[in-house]
Amino acid sequence: MPKVAQVEPITTARVLRGPFDYSCPEGAEVGSVLIVPFGGRDLLAVVTALKDSSEHELSEPKQLLPASLPLDLVALGPWLADEYCSTPARAYSLMLPPRGVKERSALYASQLREPDEGERLTDNQRQLLGTLPRLAGADVAALRRLEKRGLVQLDEQSQRRAPRHAEVGKASGKSGPPLTADQAAALEQLLAASPGEQLLLHGVTGSGKTEVYLRAAAEVLAASRTVLVLVPEIALTPQIISRFIERFGETVAVIHSKLTPGERFDEWMRLRSGEARICIGARSAVFAPLSEIGLIIVDEEHDSSYKNEGDPRYDARHVAERRAADHGAVLVAGSATPRAESWHRLRRLSLPNRVDQLPLPEVEIIDLRGAPGSLHPATFQALVDSRKSIVLLNRRGWSNYLSCSSCGYAWECPQCDVTLVLHRASGSISCHHCGHRERVPERCAECGSVSIARHGTGTERLETELPGKVFRLDGDATDAGAVLRAFEQADQGILLGTQVVAKGHDFPDVELGVVVDADQTLRFPDFRAEERTFSLVTQLAGRSGRGSERGRVIVQSLTPDAPALVLAAAHDAPTFLEEELARREALRYPPFSTLIRIVCASPQPGAADEAASELQAALPGSLGPAPLFRLRGRERSQVVIKAEDRHAAVEAVNAAVGRVAKGAGRKSVAISVDVEPQ
Ligand code: ADP
Ligand code: ZN
Ligand code: ZN
């Protein structure tokens with residue numbers, strides 16, 4: 001038996017890099033999870049290797065936990081740390097089941113023998129015997145007495161805490177509709193793909209991608225392998241989950257951030273033990289402890305929620321590729337609006353038509369130049385004429401900002417260099433970055449004037465300008481699912497909201513989609529602005545006309561000739577993507593390079609910029625330092641690298657960040673690194 005366990009204690013500290021040696025508890029293996037004493041605290045720790053001796057004095061782990069990581073995830077930890085400039089410990093913290101949770105079990109009572117004649121039993125005991133077998137429930141003590149007399153047997157059985165977000169149930173036994181010719185062709189190519197191959201399923205909205213996933217999953221299960229299905233935020237994509245559960249029943253485990261720790265633990269254990277063989281979930285499900293994965297599906301692969309915003313800033317799509325390679329699984333990324341990266345790199349399968357054979361919606365671009373308000377009269381009329389519509393405006397609140405009409409003073413956040421947004425219903429102006437709130441001012445803080453102008457229109461204000469009943473869905477609404485259900489059940493009305501309204505919902509009777517301000521996403525200072533705009537318009541188009549009527553989409557813009565809009569209106573993703581790729585190649589943007597973004601932040605005036613300058617100087621070819629707006633009271637400055645060689649660049653960045661962070665006066669500076677920022 002090995003004497004030494006090398007472990008990686010789970011801590012967020014960057015400077016403490018394992019592995020560390022501990023004595024090896026009996027039964028521990030690579031992947032085992034321990035509780036170890038570390039720096040005066042007890043920490044969870046993952047065993048990453050075993051050996052026979054150590055030159056250090058060894059401490060004893062306090063406990064060996066029943067859950068263990070599969071070997072491929074143990075290897076994934078250091079890889080993830082390297083890819084995203086993080087640490088193995090932070091990577092493992094994404095993979096482990098929640099701490100301090102145990103399996104929930106219940107006592108089941110079954111009868112062992114009939115009472116002998118004349119055996120003395122109370123009425124209560126006789127009554128209990130008559131109801132067996134059953135869950136012990138409140139009668140544990142009484143049943144224990146019967147157990148002592150050998151009449152009853154009590155067994156502990158584990159009980160699954162069912163996730164409340166998805167119905168849990170038996171498979172319906174239905175095998176789904178016969179495939180269309182396009183679906184059958186895509187499925188055939190998918191099943192013929194070689195192990196580790198990556199495919200792009202480009203299917204227009206309503207082309208039946210999900211049915212292809214379901215059939216492929218069935219084949220993979222039949223071949224004794226498992227399936228991982230990644231979807232954008234779960235609350236917004238209940239349909240795909242319920243279709244998997246309906247088809248495959250209890251072999252489906254659902255993992256996402258809204259589960260309670262107990263539910264998450266149970267789903268994790270069901271996957272680890274092999275009891276569940278399909279895992280469906282949002283971003284973090286990419287770390288599901290499945291073994292022998294045969295198929296990984298990334299649905300709506302263009303969705304930005306696949307990127308994690310905290311350290312490690314991993315991209316679940318990239319991790320999925322690595323896991324597919326490790327397992328020899330086929331990876332399928334599906335979308336109506338794939339990313340330029342995927343279009344470039346993956347072999348394409350296509351579903352060019354809607355299942356129902358309806359034509360794609362008609363998309364009209366309306367020139368907003370010279371229009372009086374935020375809605376063009378033609379848009380307003382179209383809303384009046386449609387029973388059900390979806391209206392997209394990517395701005396919450398009533399107005400973007402307030403300014404004094406006399407002296408020009410504008411209300412800004414004291415912590416961040418951004419204007420405060422008016423929320424009329426709550427009587428406040430608030431910062432959308434840090435949450436700072438103030439009461440709506442009655443007079444100017446500078447000159448005392450009472451003449452205050454409100455600029456721009458957000459969803460709260462637009463709601464009052466729309467004809468008919470409005471269902472507002474934005475960050476201000478607490479329960480997105482409830483708003484969506486209410487809209488779905490309504491006979492008529494308008495679903496108004498920020499970009500969440502364009503995501504994969506399937507409402508059969510929406511006739512019209514409106515993008516109120518297409519320039520807002522187009523003008524966004526990011527090389528992906530065009531791609532995002534194209535995707536937004538196309539996805540919104542996909543939400544309308546799913547019933548019997550042909551749908552219609554109106555896009556309002558001050559730049560009606562922008563290629564992203566014109567090509568989206570023509571439903572021409574291939575041309576858009578080819579042009580986009582040519583542009584990116586010329587400018588050396590991804591996929592023709594790897595971007596790395598380093599942000600320095602400090603409350604000390606000048607400190608962030610100084611650190612960023614030093615980083616820029618240390619990294620040849622890097623761009624910056626560029627000041628960012630102050631956030632939460634901290635000045636920020638960024639440096640960007642366009643790298644040919646991702647690994648060399650990540651190493652160089654790690655080294656430079658390490659040096660700069662140690663420099664004099666750097667205590668106040670937080671440095672974060674984002675590889676492939678979105
Ligand atoms: P996508 O994910 O590509 O937008 P879906 O998979 O949601 O499309 O399919 C759209 C609709 O068509 C769904 O209601 C689905 O049940 C139905 N559908 C899919 N494939 C078929 C088929 N072969 N025959 C009949 N209906 C189908
Ligand atoms: Zn003023
Ligand atoms: Zn703020």
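1. The zinc ion (ligand 3) has a tetrahedral arrangement, because its 4 donor atoms subtend angles of 103 to 114 degrees. Four donors count as tetrahedral if all angles lie between 85 and 135 degrees. Ideal angles for four tetrahedral donors are 109.5 degrees.

2. This is a predicted model: local features need pLDDT of at least 70, side-chain atom pairs count only at pLDDT 80 or more, and totals for chains, interfaces and linings use all residues. Residues are numbered from 1 along each chain as written, chains are lettered from A and ligands numbered from 1 in written order, and side-chain values use heavy atoms, without hydrogens and water.

3. Which residues hold the zinc ion (ligand 3) as protein donors? They are C413, C416, C431 and C434, each through SG, at 2.2 to 2.4 Å. Donors here are N, O and S atoms within 2.8 Å of the metal (3.2 Å for Na, K and Ca); water is not among the atoms, so sites may look incomplete. The spacing in sequence is C-x2-C-x14-C-x2-C. C416 and C431 are 15 residues apart and link distant parts of the chain. Both C416 and C431 are buried (under 20% relative accessible area, 1.4 Å probe, protein chains only).

4. Ligand 1 has 16 residues around it, with P178, Q183, G206, G208 and K209 coming nearest (a heavy atom within 4 Å). A polar side-chain atom of Q183 lies 2.8 Å from a nitrogen atom of ligand 1. For G206, a backbone N or O atom lies 2.8 Å from an oxygen atom of the ligand.

5. Helix 4 (residues 140-148) has A142, L143 and L146 as its buried residues. Just after helix 4, G150 takes a positive phi of about 75 degrees. Helices are DSSP runs (H or I, at least four residues), numbered from the N terminus.

Definitions and conventions:
Buried means under 20% relative accessible area, exposed over 50%, partly exposed in between (1.4 Å probe, protein chains only). Helices (H or I, at least four residues) and strands (E, at least two) are DSSP runs, numbered from the N terminus. Four donors count as tetrahedral if all angles lie between 85 and 135 degrees; four count as square planar and six as octahedral if opposite donors are over 155 degrees apart and all others between 65 and 115; anything else is irregular. A polar contact is a pair of N or O atoms within 3.5 Å; within protein, one must be able to donate a hydrogen and the other to accept it, and residues adjacent in sequence count only if both atoms are side-chain atoms.
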